[in-house]
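Me: I am new to this structure and would like to learn how to read its features. Could we take them one at a time?

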Amino acid sequence: MARNGDEGMLWRWGLIVHRLRWMVVAISVVIFLLMGTYARQLPGLLKDNGFEPRGSESSRGLNLLENELGVPPSSVTVVYESNSLNLTSLASRNNIMSSLEAVKKLPYVKQVSMNKTKRLNNRTDVQSAEIELNLNKSDALARYPHIRNLIHAPSGMKVYVNGPTATLYDIQKATKKDLSKSEILGLPIALVVLVLIFGSLWAAILPVIVGVMSVACTLGIAYFIALKYSLSNFMPNMVTMVGLAIGIDYALFVVSRFREELARQRAVSTAVARTCQMAGKSILFSGFAVLIGMLGMLFIDLPVMRALCLGGVLVVFSSVLLSHTLLLALLGILGHQINRFAVLPSLRKKRGNTAAWERIAFTVMKKPVAVVLLMSGLLVLLMLPVGGMKLGVPSAEVLPPTYESRQGSDLLKETYDERELNPIQAVVQTDGGTVWQERTIRDIRAFTDTISGLAGVKRVESYVTVLGDHTPEQTALMLQNGGLRQRVENLRLAKGSTAVITVVPRSTPDSKQASDLVRQLRKADSGSLKVSITGMSASRMDIMDRINRGLPAMVGFVMAITYFILFAAFRSVLLPLKAVLMNVLSLGASLGVVVIVFQKGLLAHLLHITSIGYVSIVLPVTIFCVVFGISMDYEVFLISRIKEEYEKTGDNEKSTAVGLTKTGGLITSAALILIVVVGSFVFTDIEITKALGVGLFSAIFIDATFIRVIVVPALMKLMGRANWWAPAWVK
């Protein structure tokens, strides 16, 4: 930046945008219309939740089941319920199978069969059938509407379709609905808040335009990426939430600065250039800070995290770019008209009174020790539930009970033994021979005997045990019978050099005990057999292991980069450390709130939330990465003004008060916009989106109130001149 603050790259960029303002707006509108068209089509391309730990042992085992034993890659479960009929009777089962005749005739339907899983009780009002499909997940999802249209409830019954394909289809529907709902709920409220902040309709509309366009452009770009690569179906909601919040937030800073420059009697072109130079610099810094947080997700080796990272990076980039192009062009076109259509001018005058912020600052600094202890104690109290956090992999439970895949899932869990429905599977391969040979049978018998003795194992079953209690020699002789061997292959128990051993645990599939059992199974002596442990419990454990492996590097990366950026900005050793610790406190407290609401169910009814008994496995990582960057933005904005004043006066206490006085209103306004936008997602359908909304709402509220307004001034007072200490070589 050059002399007098009136030159520099951003200054010149502002002048260029002002000179070409009509062209910039025209190009932006064309891009928006094109990208908006494709953005609406994106949810239909997202055919995966992104939670499969590709390349893991559980993933390899699943591939072996499909490729070697012929386990279908996709299926649909049809659940029947009746208030008057016994659905376990032969007549009811025949009626159900007859109602599925049209489905059986479809060329890609491999098999239709009744569910023979052991029941939990003597309940006779529920029955289910399994439709196996010779289709990959993507093709199954595309054909699902046709399949669903052919499924009808027999007389006296109600029918619900469940399973991974049906759940993904419902999540697609819910995603589309949530995108519209968030816009309908969040944008009008955000506009009202902006009108109250600016007191002018034109000034309020511009940030909303930037927020909407940043989301549309991001989802439009994601559409073309999704044509070639698989992206998580949870990405659009996260992009919409973060994009609207950050896009509107950045535009708020730009519009506020532009009005300040106009008030100084500057020409419109000069005001645009000055705004680009000052507010634009802050936005570039903030965008970089948020990008650092988003990039932290890459340390977690899961497709869903890569998709969320991609969406986050694109939407932040779009928001920053639009703030430096379209928004500046619109400001150049409006000029002094930005203040037209004034709304509640008396309220705007009251907002200009900063005496309240000064009083807050000095009040807090009178008893800094008490304030820090009280606030820290409150935040730690909110963090305590995190110690009992139960992480789970999302399934049909992420949908509200109004969706039929969720209703079918609930009925299955109430009726059937979940341990039998989702057992652990050990896929074994020989070292050269076939599974029909005596040597292999002996090895499999020895392995099943070993794992049967493990704590937590309820039952073990393989093709060897199914054939009866015979010696390996006798079993091998029996399997020389071609008909018997074909029956074993039809049951998908063994074929060629591959077999599957089913291990039913004593605990539920999503429990810690089941994960511990998976670890024991993977360590068990299998002799010459090559074993891959798979199933729901194994997949969940592999996902957890990947998160746990990547978590230290992710946290270290984000916190270290944050520290060094703040260190470079403030030339202080302690201030960046304080900022990082405060972020940890606010994040911990917000996660505590998520656990209280979604896992324990407190306030769930009030917020129209169905407590699912766990927290989504990716939620803590996502909240950490998104919030860390946003929180650093507020920290930089506040401390920069305090530092600016301290360099003039050398008075730490007065500088803190002046800094809060000058920035308190704008930080509160920016946080309020974020809170309104992310808060609107609490009323969407998908539970992960709701939880992300609650987490971000809590984190931003805590950060902008308790942390920045109360704790920061108190710590500035306590630390005194030590706030500004740094080694001489840094100075």
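Me: Within what distance do the axes of helix 9 and helix 25 come, and at roughly what angle do they cross?

Reply: Keep in mind that this is a predicted model. The axes of helix 9 (residues 235–263) and helix 25 come within 12 Å, with a crossing at roughly 10°. Angles under 35 degrees count as roughly parallel, so helix 9 is roughly parallel to helix 25.

Me: Is the crossing of helix 9 and helix 25 left-handed or right-handed?

Reply: The crossing of these two helices is left-handed.

Me: Which residues meet between helix 9 and helix 25?

Reply: On the helix 9 side they are V242, I246, D249 and F253, and they meet V626, I630, D633, Y634 and F637 in helix 25. Sorted by class, the contact of helix 9 with helix 25 has 7 nonpolar, no polar and 2 charged residues.

Me: How do helix 23 and helix 25 lie to each other?

Reply: Use the angle again. Helix 23 (residues 536–570) and helix 25 have axes that cross at roughly 10° and come within 11 Å. The two helices are therefore roughly parallel to each other. Residues of helix 23 in the contact include I547, L551, M554 and V555, while those of helix 25 include V621, F624, C625 and F628. The classes in the contact of helix 23 with helix 25 are 17 nonpolar, 2 polar and 2 charged residues.

Me: At what angle do helix 24 and helix 25 pack?

Reply: Helix 24 (residues 574–599) and helix 25 (residues 619–649) pack at about 140°, and their axes are 9 Å apart. That angle makes helix 24 oblique to helix 25. Helix 24 passes helix 25 in a right-handed crossing.

Me: What classes of residue make up the contact of helix 24 with helix 25?

Reply: Start with the residues themselves. Among them, L575, K578, A579 and V580 belong to helix 24, and L619, P620, I623 and F624 belong to helix 25. The residues of this contact divide into 14 nonpolar, 3 polar and 2 charged.

Me: Over how many bridges do strand 1 and strand 3 pair?

Reply: Strand 1 (residues 74–81) and strand 3 (residues 126–133) pair in the antiparallel sense over 8 bridges. T77 stands opposite E130 in strand 3.

Me: Into which domains is the protein chain divided?

Reply: The division gives domain 1 (1–38 + 201–340), domain 2 (71–169) and domain 3 (423–534). The centres of domain 2 and domain 3, taken over C-alpha atoms, are separated by 29 Å.

Notes:
Residues are numbered from 1 along each chain as its sequence is written. This is a predicted model: local features need pLDDT of at least 70, side-chain atom pairs count only at pLDDT 80 or more; totals for chains, interfaces and linings use all residues. Side-chain values use heavy atoms; hydrogens and water are left out. Two strands pair if DSSP finds at least two bridges between them. Helices (H or I, at least four residues) and strands (E, at least two) are DSSP runs, numbered from the N terminus. Domain bounds come from an automatic or database domain assignment. Axes are lines fitted to C-alpha atoms, for helices over the stretch in contact, and angles run from 0 to 180 degrees between N-to-C directions. Angles under 35 degrees count as roughly parallel, over 145 as roughly antiparallel, 65 to 115 as roughly perpendicular and the rest as oblique. A crossing is left-handed if the near helix is turned anticlockwise from the far one by less than a right angle, and right-handed if clockwise. Contact means heavy atoms within 4.5 Å. Ala, Val, Leu, Ile, Met, Phe, Trp, Tyr, Cys and Pro count as nonpolar, Asp, Glu, Lys and Arg as charged, and the others, Gly among them, as polar.
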